[in-house]
Amino acid sequence: MNVRAQISSVFHLDKCIGCHTCSVACKNQWTDRRGVEYAWWNDVETKPGAGYPVLWEDQEKYRGGWTVEGGRPALRQGGPGATLARLFHNPALPVLKDYYEPFTYRYQDLFDAPAGDDQPTARPISLLDGRPIDIESGPNWDDDLGGSPVYAAQDPGLARLTAAEREQLFEVERLAFFYLPRICNHCLNPACVAACPSGAIYKRGEDGVVLVSQDKCRSWRMCISACPYKKVYYNWSTGKSEKCILCYPRLEVGEAPACFHTCVGRIRYLGVLLYDADRLAAAASRPDAELVEAQREVLLDPADPAVAAEARASGVSEQVLEAARRSPVWRFVKEWGLALPLHAEWRTLPMLFYVPPLLPALAGPAEGDGGFFTSLERARLPLRYLAGLFGAGNTEVVEAAYRKLIAVRLHRRAAQVGDLPPAAAAGALAAAGLTPRQADEIYRLTALASMPERVVIPGLAREEQTEPTADPQRQYAAGFGFLRPPVGR
Amino acid sequence: MSDLFLFGIFPYLAVALAVGGLVHRYRTLRHTVTARSSQLLEDRALYWGSVPWHYAILAILLAHLGATLFPGAWGRLLGAPGRLLALEVSGLALGGLAVLGIALLLVRRSRLGASTGAMDWVVLALLLLQAATGLYVAFTLRWGGAWYVQTAAPWLASLATLSPQVDRMAPLPAAVKLHAVNAFALVALLPLSKLAHLTSLPVAYLWRPPQVVVWRRAPGGPVRTPRPAGGGSATASRG
C-alpha cells in the first residue's frame, strides 16, 4: 500500500446559480495576461450544451484521456513514439476558434468621434493583433441556452438518448438545463502529465496538485489534446502551457482557492482524500460501468487506524491526516456516495466530484404520487444523460445518488413543513439506504455549513519540509510571474 | 582576406556565441526556451509547412552530419553510381520539400501578426535562404553528396580540430560559400531565437514513466535542497 494525500473537491450542482463569480475571480487573478485572454481555468457551462472549448466532450475529435489496451491504460492520442512523431503538428489540438477570439473595444473612439447625428460606438477589436473583428463568440456565449437548437443540440452527451428523450429536453416549456462549473480535476491518473514529452507537467506528491513547470515546457502542446477536460491552455504569447494551479500559493497559507472563496452559491467543498497509489492503474483499467466504483475503492478511510499507520509510513504528515478525517469531500464521495466524478470513462480518475443536480430532474408541480415532489422515474432530465456525465454510462450509481438526494428532501420537508406523511419520508430514506441521522448530516453540510466546514485545508507543512535546507526568504519561482534568481547562483 | 574571416574566424565566433548564449539562456532565462508553436492560432498551413519542413530538414542535417563524421564510410556508400544517383534523387526531393515547407511557414507568418516578432522573420528568412541555396547547389552542381566529402567535410573537420583550412572552401562557387556562411549564421542565432528549441529534443520521453510525481521531500528519505530554478526542478522522485 502506497498511501498518498490528494486535495480534492466537491461541487454541489443543485446550489450553482451560474453567476460566474468563480470564473471572474480566477480570471482576474491568473489569466488576465497577454496570451491567455481566451483561457478560463474556471468556467461555468450550461448543460446540455456544447461547452468550452466547443465540443470538448467529443473524444473522437480531441482524442483526450485514456483507453485500455491489453489490460493497461493507454493514452488515446497515442504512445510516446506516436506523440514524438506528431511534435511538429498535433492533429487533435483545438484551435482558437474552438474557444473564441479574445476581444476588447476601441473605447478611444467614443472620445475622438467627430460631432454628428449618431451616438459614437466603440468598435470591437481583436486582442490578438488589434484589428477590428465581428464578434462571433465569447466567454459563456451559450449561457442559459440549455434548450437551444444551436448550442445545446450539439452536446455529445445527447447521442446516448432516444429521439423522444431529446425532444423532451428541448420542448420549450419543459426545457431543462443546469450549470456545470469546471476547473482542472487534478486527476490521480492525469493524461496531461503522461502526454508531456518534456516532463514539464507533474503532480505534487504531498497534495496532488498538478502543475506545469514553465521552465521545462517547450510548447509541444500534447497536454492540451491529452486532457479530456481541455483544462490545460496554451499561452500563444509565451509559448507555454498553463493550467489551474488550485491556487496553491493560497492553499499553502491556509486560504481557500479564489473560486472556492468567492463562490456565491457556496457550492464548493474542499478537503483531503487518501488513496492507494499502487492501485491506480488497475482501477483505471476496469470496464466503464465499474469505473465509479473502482475510483471509490482506491480511496482509503482516514479513520481506519491501519490506513493511518500506512499513511504515516508513506510520509503523510499528521496535519494532513487530521484534515483528511474532517474532509467534507470524504463524506460526500465515500460515506454518502452522493458526489460522482465527471466522465469517469476517460479514466483519468478525476479528483473533482459533482453532486448531480436534483432541480432539473425534479422541479415542477406535484402531480399524483401523493408526494410533494415528482418521482425519479418521471424526471424530465433523462437519467441516461446524467449517467453519461457522472456515471460513465452506468445509470445505477447516478440513480443511487438521486434516491438519497430525494430522500433528504422528503425527510426535511416532513420535519420542517410537516405536510408529508412521516411514512413517506421514512420509506424514501429506506429506499435510499440512509438513516435519518445521515439525512440530517447531509442537509447540514449542504445547506448550513460554514466556510471552515466546507473548505478544510490541511497544514501542508511546506516550511518544515524546506526550511532545514533552503532559505525561505529566497523565492525563485512563484505562480506565473518569473522572478529571476541573481546571476551566479 | 574575407575568406579567412568567413571560413576561419566567423565559424568560431558563431559557435562561441551559440554555446555561451545557450548556457546563459539556460541558467537565467530557461523559461524562455520554447518552440513557441502557433498551431493554436493557425492549423492548416502549419500542417503543410511544418511537417514536411521538419522531417526533410532533419534527414538532410543527419546526412550532412554523417558525411562529416564518417567521410570514409560515406565515400564507400556513394562509390557505386546507382547508390549515388539514389542519394542525389532523394536528397533533391527532401530539399524540395524543405524549401516548400519553410516557404509556406514564411508566408503563413504574415497572418500571425500577434505572435510574430522580428526574430521570427529573421529566422524564417535565413532558413529559407539556407534551404534554397542548398537545393540550388544540389541541382546546379551535381553529385554534391560525393564532392562534399572532399571539400566542406574536411573544412568542418579542420574547424573542429582548431586548425581551420580556409583553402578548402576558397575555390568553391559563391552559392556554396553562401550556404556555408549562412549555416554558421543560423548557429549564431541559436541562443537568440526560438531555434533554441533544437537543444531540447524530448527523446527521454520514450523511456520516462508515464506519471511524474515531484516531492519537495522524498517520502522517508533525506531532506534535499530544492534547486532554485522553477517548480518542476525541485527534488524529484518519480513513481
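These legends describe close-up views of a predicted model.

**View 1. Confidence of the model and of chain B.**
The predicted model scores ipTM 0.87 and pTM 0.90. Chain B has an average pLDDT of 88. In that chain, 90% of the residues score at least 70.

**View 2. An open sheet with strands from chains A and B.**
Three strands make up this open sheet, in the order 9(A)-8(A)-1(B). The pairing is mixed. Its edge strands are strand 9 (210–212) of chain A and strand 1 (213–214) of chain B. Each edge strand pairs on one side only. Strand 8 of chain A, residues 201–204, runs parallel to strand 1 of chain B, and two bridges join the pair. Which residue of chain A stands opposite Val213(B) in strand 1 of chain B? Lys203(A) does.

Strand 2 of chain A spans residues 43–47, and five of its five residues are buried. Asp43(A), Glu45(A) and Lys47(A) lie on one side. Val44(A) and Thr46(A) lie on the other. Both faces of the strand are covered. Strand 7 of chain A, residues 178–182, runs antiparallel to strand 2 of chain A. Five bridges join the two strands. At one of these places, Lys47(A) has Phe178(A) as its bridge partner.

**View 3. Helix 17 of chain A under cover.**
Helix 17 of chain A runs over residues 383–390, and seven of its eight residues are buried. The buried residues are Leu383(A), Tyr385(A), Leu386(A), Ala387(A), Gly388(A), Leu389(A) and Phe390(A).

**View 4. The hairpin of strands 10 and 11 of chain A.**
Strand 10 (residues 232–235) and strand 11 of chain A pair in the antiparallel sense, over four bridges. Tyr233(A) has Glu242(A) in strand 11 of chain A as its bridge partner. Four residues lie between the strands of this hairpin. Within the hairpin, Gly239(A) takes a positive phi near 70 degrees. Strand 11 of chain A covers residues 240–243. Lys240(A) and Glu242(A) point one way, and Ser241(A) and Lys243(A) point the other way. All four names here belong to buried residues.

**View 5. A nonpolar surface patch on chain A.**
Tyr105(A), Tyr107(A), Leu110(A) and Phe111(A) make a nonpolar surface patch of about 440 Å². Tyr107(A) sits in the loop between strand 5 (103–105) and helix 5 (108–112) of chain A. Tyr107(A) has a relative accessible area of 47%, so this residue counts as partly exposed.

**View 6. Ala125(B) in helix 5 of chain B.**
Helix 5 of chain B, residues 118–140, holds Ala125(B). Is Ala125(B) buried or partly exposed? Ala125(B) is partly exposed because its relative accessible area is 38%, and buried means under 20%. Leu105(B) is 20 residues from Ala125(B) in sequence. In space, the two are 10.0 Å apart, C-alpha to C-alpha.

Notes
Residues are numbered from 1 along each chain as its sequence is written. Chains are lettered from A and ligands numbered from 1 in the order in which they are written. This is a predicted model: local features need pLDDT of at least 70, side-chain atom pairs count only at pLDDT 80 or more; totals for chains, interfaces and linings use all residues. Side-chain values use heavy atoms; hydrogens and water are left out. Patches are made of residues with over 30% relative accessible area and no salt bridge: like charges are joined within 9 Å, nonpolar side chains (Val, Leu, Ile, Met, Phe, Trp, Tyr) within 5 Å. Accessible areas come from the Shrake-Rupley method with a 1.4 Å probe; for residues, only the protein chains shown count as cover. A salt bridge is a side-chain nitrogen of Lys or Arg within 4 Å of a carboxyl oxygen of Asp or Glu. Buried means under 20% relative accessible area, exposed over 50%, partly exposed in between (1.4 Å probe, protein chains only). pLDDT is the predictor's confidence in each residue, from 0 to 100. Two strands pair if DSSP finds at least two bridges between them.
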